[in-house]
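Here is my note on the structure below. The points run from one residue to its partners, then out to the whole chain.

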Amino acid sequence: MTGFIFYVISSLLSLLVFAIIASAILSWLVAFNVINIRHPVASGVVRFLDAVTRPVLAPFQRFIPSLGGVDISPIVAILVIQAARQYLLPWLFAPLFRIVG
């Protein structure tokens, strides 16, 4: 059971990284007018990705200034999430793996 919970949490963090990347790429496409935000499907995708990534990116955006109009908070957030996924998550689950097996 512990392995399953570990896998689910790790997979959710991976999906969050993909959502951050998709949100950043989509914001560039909207900014360069490649995607029309007035289209209902595009608008729904943008709103969904914004709702998923905004709570994660907001703390980073408060502390990291934009560099010449470029927001680098998604890069820092991805680095922190990947570090948590690769180093912190196994460290937290190690005692449970020893107890449960």
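**Notes on the model**

1. F6 is partly exposed, because its relative accessibility is 22%. Partly exposed means between the two cut-offs: buried is under 20% relative accessible area and exposed is over 50%, with a 1.4 Å probe and protein chains only. F97 also falls in the partly exposed class, at 31% relative accessibility.

2. On provenance: this is a predicted model, in which local features need pLDDT of at least 70, side-chain atom pairs count only at pLDDT 80 or more, and totals for chains, interfaces and linings use all residues. Residues are numbered from 1 along each chain as its sequence is written, and side-chain values use heavy atoms, with hydrogens and water left out.

3. The whole structure holds three aromatic pairs. A pair here means rings of Phe, Tyr or Trp (its six-membered ring) with centres within 6.5 Å; planes under 30 degrees apart are stacked, over 60 edge-to-face, and the rest tilted. F6 and F97 pair edge-to-face, with 5.8 Å centre to centre and 65° between the planes. F6 sits in helix α1 (residues 2–31) and F97 in helix α3 (residues 73–100), so this pair ties together parts 91 residues apart in sequence.

4. F93 and F97 make a tilted pair, because their planes are at 40°; the ring centres are 6.2 Å apart. Both residues lie in helix α3, four residues apart, so about one helical turn separates them. F93 counts as buried, at 9% relative accessibility. F6, F93 and F97 form one aromatic cluster.

5. What is the secondary structure of the protein chain? It comes to three helices and zero strands. The order from the N terminus is α-α-α. The radius of gyration is 17 Å, well over the 13 Å from the globule rule for 101 residues, so the protein chain is more spread out than a compact globule. Helices (H or I, at least four residues) and strands (E, at least two) are DSSP runs, numbered from the N terminus. The radius is taken over C-alpha atoms, and the rule is 2.2 Å times the number of residues to the power 0.38.

6. The C-alpha trace of the protein chain spans about 55 × 30 × 15 Å along its principal axes. Of its 101 residues, 23% count as buried. The protein chain exposes about 7,200 Å² (Shrake-Rupley, 1.4 Å probe). Carbon and sulfur atoms supply 74% of that area.

7. Take contacts (heavy atoms within 4.5 Å) between residues at least 6 apart in sequence: 62% of them join residues at least 24 apart.
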